[in-house]
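This note sets out some points for a colleague who is meeting the structure for the first time. Please read them with the sequence and the model side by side.

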Amino acid sequence: MITVLIGRALIVIGLFFMAAGIYSVLRFHDFYSRVVITAKVDTVGFLTLIFGAMLIEGFSFFTLKLALIVVFELLTNPISTHSIAHSAYASGFKIRKEVRVD
Amino acid sequence: MKHLLHYAKMMAVFAVVWIILEEQVSLATAAVGALIGLATMIATDMYVLRGDYRETYPFGFRVGVKYVFALIVQIYIAGVQALYRVLTGGLHVGIVDIHTTLENEFHIALLANSITLTPGTVTLDRDGKTLKVIWIDCVTTDPDEAGPLIKQNFEQLISGGKP
Amino acid sequence: MTFYHGVLFVLALLTIGGIIRVVIGPTIWDRLLGLNLISSKIIMAIIVFALMIQRTFLLDIAIVYALLGFIGSVLIARFIERKAN
């Protein structure tokens, strides 16, 4: 019973991190700051939510498959972020200093 | 002989993954998984890789587990720091070059992955042993000063304890 | 309305935030970044749904979706390199 409660709390924390990721992608004006912030906050939200789901489910094939998804995500998420950033950089995207517009 | 041992280890890993996907623990499932793993490795050796499978991916199982745990801890530190930056909005983005001492291609790729996931940095480009990195809190553009701040201890972890 | 329904509702709202970035994004890389976020939200929604109805086959769909999203964003990023603006 207590593990279910902790798992649900973890899921809510994960949702909070994801909301921060969406907020940052809408808020910042510079492309590079968006890439850097979003990749991290979103990964943390993803991991936290999956850990919450694992804790709720206990030890079963469900949890093992979730562990497979975690390993897979840790390998592929940085590669896709990197390829987007590299594609923008190779096409001559410069850092805009308009973050401080005031 | 060592070649065969490495193949056997990788086949065991593939069998475990196959059992998880099939959701039934039996000898037949494990055998099918191991055979599919063997076929995949042979096909990769013949058509995709230029070199040998074992030399291209030299990565021990124990090192891998230790690396994943260290990575998860670093990801959480990074996430909390990034959250702080999102809420306060103090950004100072810059691009720096750093040098690495790792030799193997696969190890350099792993280092670039770790840099992308750890606090405030994303790898942009690579030229030999020099990595180009976006840094969110750019205090210095000197490669020798920025290197240790960005890489932390991942080089030792990836190469398996040896500095 | 249970806990999981609320979680799915919040995930849907976050997906709409990602869609806004895809629609207004000034450059094509902004749109690609938004697409990446949306695909991770969809994977999360599949996992929460699998947890809600207690079926493991939905997780296979989540794995396949993660693979396809990864390959898709890498291929698009390679394709538009040095081309679009």
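1. In chain C of this predicted model, 45% of the contacts between residues at least 6 apart in sequence join residues at least 24 apart. For chain A, residues 24 or more positions apart account for 69% of the contacts with a separation of 6 or more.

2. Chain C contains 3 helices and 0 strands, and its pattern along the sequence reads α-α-α. Its radius of gyration is 15 Å, well over the 12 Å that the globule rule gives for 85 residues, so chain C is more spread out than a compact globule. The C-alpha trace of chain C spans about 45 × 25 × 10 Å along its principal axes. Buried residues are counted by how many other C-beta atoms surround them, with 20 or more within 10 Å as the cut-off; on this basis 33% of the 85 residues of chain C are buried.

3. Chain A is likewise described by its helices: it has 3 of them and 0 strands, in the order α-α-α along the sequence. For its 102 residues the globule rule gives 13 Å, and the radius of gyration of chain A, 17 Å, is well over that value, so this chain is more spread out than a compact globule. Along the principal axes, the C-alpha trace of chain A spans about 50 × 30 × 10 Å. Of the 102 residues in chain A, 50% are buried.

4. Helix α2 of chain A, residues 31–57, deserves a separate remark. How far apart are its end C-alpha atoms? They are 39 Å apart, which agrees with the 39 Å that its 27 residues should span at 1.5 Å a residue. The helix is mostly covered, since buried residues make up 24 of the 27 in α2(A). After α2(A) comes A:G58, which has a positive phi, near 80°.

5. The contact between chains C and A involves 34 residues of chain C and 37 residues of chain A. On the chain C side, at least two residues come from each of α1 (3–24), α2 (28–53) and α3 (57–79). Which of these helices supplies the largest share of the side of chain C that touches chain A? It is α2(C), with 11 residues. By residue type, the side of chain C that touches chain A comprises 20 nonpolar, 9 polar and 5 charged residues.

6. Chain B also meets chain A, in a contact that takes 27 residues from chain B and 30 residues from chain A. The residues of the side of chain B that touches chain A are 19 nonpolar, 5 polar and 3 charged.

7. Chain B holds an open sheet of 3 strands in the order β1-β3-β2, with antiparallel pairing. Strands β1 (94–99) and β2 (121–127) of chain B stand at the edges with a single partner strand each, so one side of each is left without a neighbour in the sheet. On average, and with direction ignored, neighbouring strands of this sheet are turned by 30° against each other.

8. The pairing within the sheet can be followed residue by residue. Strands β1(B) and β3(B) run antiparallel and are joined by 6 bridges; in this pairing the bridge partner of B:V96 is B:V133. Strand β2(B) pairs with β3 of chain B, residues 130–135, in the antiparallel sense over 6 bridges. Opposite B:V122 stands B:I134 in β3(B), and opposite B:T121 stands B:W135 in β3(B).

9. Which helices lie across β2 and β3 of chain B? One of them is helix α3 of chain A, residues 61–90, which runs at about 60° to β2(B). Another is helix α5 of chain B itself, residues 105–117, which lies across β2 and β3 at about 150° to β2(B).

How values were computed. Residues are numbered from 1 along each chain as its sequence is written. Chains are lettered from A and ligands numbered from 1 in the order in which they are written. This is a predicted model: local features need pLDDT of at least 70, side-chain atom pairs count only at pLDDT 80 or more; totals for chains, interfaces and linings use all residues. Two strands pair if DSSP finds at least two bridges between them. Helices (H or I, at least four residues) and strands (E, at least two) are DSSP runs, numbered from the N terminus. Axes are lines fitted to C-alpha atoms, for helices over the stretch in contact, and angles run from 0 to 180 degrees between N-to-C directions. Two residues are in contact if their C-beta atoms, placed from the backbone, lie within 7 Å. Ala, Val, Leu, Ile, Met, Phe, Trp, Tyr, Cys and Pro count as nonpolar, Asp, Glu, Lys and Arg as charged, and the others, Gly among them, as polar. The radius of gyration is taken over C-alpha atoms; the globule rule is 2.2 Å times the number of residues to the power 0.38. A residue is buried if 20 or more other C-beta atoms lie within 10 Å of its own, exposed if 12 or fewer, and partly exposed in between; C-beta atoms are placed from the backbone. The expected span of a helix is 1.5 Å times one less than its number of residues.
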